[in-house]
Amino acid sequence: MKKILLFFAISLIYSGTAMAQQTFDRNLVLKQMQLANGYFMDKWPDTGKTIITNKERPSNIWTRGVYYEGLMALHEIYPKEAYYNYAYSWSQFHKWGFNSGNTTRNADNYCAAQTYIDLYNLEPDAEKLKNTKANINMLLNTPQLNDWSWIDAIQMGMPVFAKMGVLEKDNRYFEKMYEMYMFSRNKHGDHGLYNPKDGLWWRDADFDPPYKEPNGEDCYWSRGNGWVIAALAKVLTIIPENAPHREQYVKDLKAMATALVPIQRADGFWNVSLHDPTNYGEKEASGTALFVYGIAYGINSGILKKETYLPVIQKAWNALTKESLHENGFLGFLQSTGKEPKDGQPLSYDKIPDFEDYGLGCFLLAGSEIYKMK
């Protein structure tokens with residue numbers, strides 16, 4: 001019996017090592033990204049068309065902004081005129097501006113600036129950043145630090161400050177970004193939205209303890225935590241190596257990655273509710289894609305150990321591409337907009353979420369980082 005157990009243990013070690021040494025098929029990853037993106041571009045040929053769900057909304061809201069983040073990530077690894085033109089057309093239609101104008105403090109609204117800045121960097125033109133500079137400089141020069149009161153906002157807003165700091169060569173953007181991030185981390189709610197004990201984040205103050213999931217655990221929403229780890233990864237790709245506070249973002253990304261490994265599902269996804277698989281315990285694609293993006297960046301940058309984390313994202317990407325991605329490019333198991341596990345339920349392979357755009361953006365971000373792996 002001991003010999004059998006020893007053989008089984010050695011087999012597990014060998015198979016885990018072999019898996020960790022495997023690499024992705026980059027050509028296949030690119031085809032999968034193009035398939036999903038092509039589905040959406042074909043469905044939405046008019047970049048300025050309003051989005052109608054329970055009401056009519058302009059196409060520069062956060063959901064579409066996240067999609068264009070993903071599209072620009074795809075364009076970075078596979079520059080294609082059609083992708084550039086699609087992003088440019090959207091930006092030009094909205095006159096490089098924001099929902100609610102240039103005085104908005106809502107990060108959902110100025111999320112679009114991430115793409116505006118990317119397009120500016122490809123072809124500088126002051127008109128492209130007139131609104132972005134007006135809005136972000138207002139945020140920079142007013143004292144409020146509490147704008148990001150829900151963790152989704154960290155991903156919508158934080159990279160904009162990082163990009164502006166690099167563009168303007170001005171550390172004031174990095175300092176403001178850090179102060180706003182740390183306010184969300186340590187001060188919103190009773191003691192901040194981050195729980196260092198679990199390495200995860202409550203979505204907003206409504207979910208601070210004593211709020212509990214049905215099984216008695218804290219409520220850690222998958223996509224909400226995905227927004228945070230994605231924000232940390234993206235900011236770390238943008239800011240210089242010697243930028244102030246970089247070590248804080250590295251520390252938090254590592255803590256989140258550590259927390260995510262033991263709660264990954266056997267099928268490769270993560271549950272909608274990270275610590276309660278009984279509360280709408282179906283697989284979910286958007287949070288999973290964001291975790292893949294953040295962890296893959298961690299591996300690529302040397303922050304995370306490849307032998308530990310590569311099997312995690314291999315399993316997750318395999319799940320996304322085999323169980324979420326349809327033959328026509330549609331993505332299933334995407335939770336609709338909301339703020340907690342119960343929103344947009346139930347999920348399924350065929351169910352169309354209220355917005356298809358942001359889930360695709362998350363998928364493209366994940367694929368782009370996997371594509372960069374050596």
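N195 is placed in strand β3, which spans residues 194-195, in a structure that is a predicted model throughout. With a relative accessible area of 10%, N195 is buried, because the value falls under 20%. Leaving out residues up to four places away in sequence, N195 touches L200, W202, D218 and Y220.

E179 is partly exposed, with a relative accessible area of 37%, whereas N195 is buried. The C-alpha atoms of E179 and N225 are 19 Å apart in space, and the two residues are separated by 46 positions in sequence. N225 itself belongs to α10 and is among the residues through which that helix contacts α12.

The packing of helices was examined next. Two packed helices are described by the angle between their axes and the distance between the axes. For α10 and α12, the latter covering residues 285-301, the axes come within 8 Å and cross at roughly 30°. Because angles under 35 degrees count as roughly parallel, α10 and α12 are therefore described as roughly parallel to each other. The crossing in which α10 passes α12 is left-handed. On the side of α10, the contact is made by S222, R223, N225, G226, W227, I229, A230, A233, K234, L236 and T237, and on the side of α12 by S286, G287, T288, L290, F291, Y293, G294, I295 and Y297.

A contrasting orientation is seen for α3 (residues 62-77) and α4 (residues 81-93), whose axes come within 10 Å and cross at roughly 150°. This angle makes α3 roughly antiparallel to α4, since the cut-off for that description is over 145 degrees. The crossing of α3 and α4 is likewise left-handed. The residues making the contact are R64, G65, Y67, Y68, L71, M72, L74 and H75 of α3, together with Y83, Y84, Y86, A87 and W90 of α4.

In soluble globular proteins, nonpolar side chains tend to be buried together. The largest nonpolar core of the model has 123 residues, of which Y110, W148, Y249 and I295 touch the most other members. When neighbours within four places in sequence are set aside, I295 is in contact with I229, A257, L260, W270, L304, Y309, V312 and I313.

T321 lies in helix α13 and is buried, with a relative accessible area of 13%. The side chain of T321 reaches the backbone oxygen of N318 at 3.3 Å. Residues up to four places away in sequence being excluded, T321 touches Q32 and F363.

Most residues other than glycine have a negative phi, and most peptide bonds are trans. K169, although not a glycine, has a positive phi of about 55°, and this residue is located in the loop between α8 (152-168) and α9 (171-186). K169 is exposed, with a relative accessible area of 75%. Y280 likewise has a positive phi, near 55°, in a residue other than glycine, and lies in the loop between β5 (270-271) and β6 (283-284). In contrast to K169, which is exposed, Y280 is partly exposed, its relative accessible area being 39%.

Cis peptide bonds are found at two prolines. The bond from P209 to P210 is cis, with omega near 20°, and P210 is placed in the loop between β4 (200-201) and α10 (222-238). The bond from Q345 to P346 is also cis, with omega near -5°, and P346 lies in the loop between α13 (306-324) and α14 (357-371).

Terms used. Residues are numbered from 1 along each chain as its sequence is written. This is a predicted model: local features need pLDDT of at least 70, side-chain atom pairs count only at pLDDT 80 or more; totals for chains, interfaces and linings use all residues. Side-chain values use heavy atoms; hydrogens and water are left out. Helices (H or I, at least four residues) and strands (E, at least two) are DSSP runs, numbered from the N terminus. Buried means under 20% relative accessible area, exposed over 50%, partly exposed in between (1.4 Å probe, protein chains only). A polar contact is a pair of N or O atoms within 3.5 Å; within protein, one must be able to donate a hydrogen and the other to accept it, and residues adjacent in sequence count only if both atoms are side-chain atoms. Contact means heavy atoms within 4.5 Å. A nonpolar core is a set of buried Ala, Val, Leu, Ile, Met, Phe, Trp, Tyr and Cys residues joined through side-chain atoms within 4.5 Å. Axes are lines fitted to C-alpha atoms, for helices over the stretch in contact, and angles run from 0 to 180 degrees between N-to-C directions. Angles under 35 degrees count as roughly parallel, over 145 as roughly antiparallel, 65 to 115 as roughly perpendicular and the rest as oblique. A crossing is left-handed if the near helix is turned anticlockwise from the far one by less than a right angle, and right-handed if clockwise.
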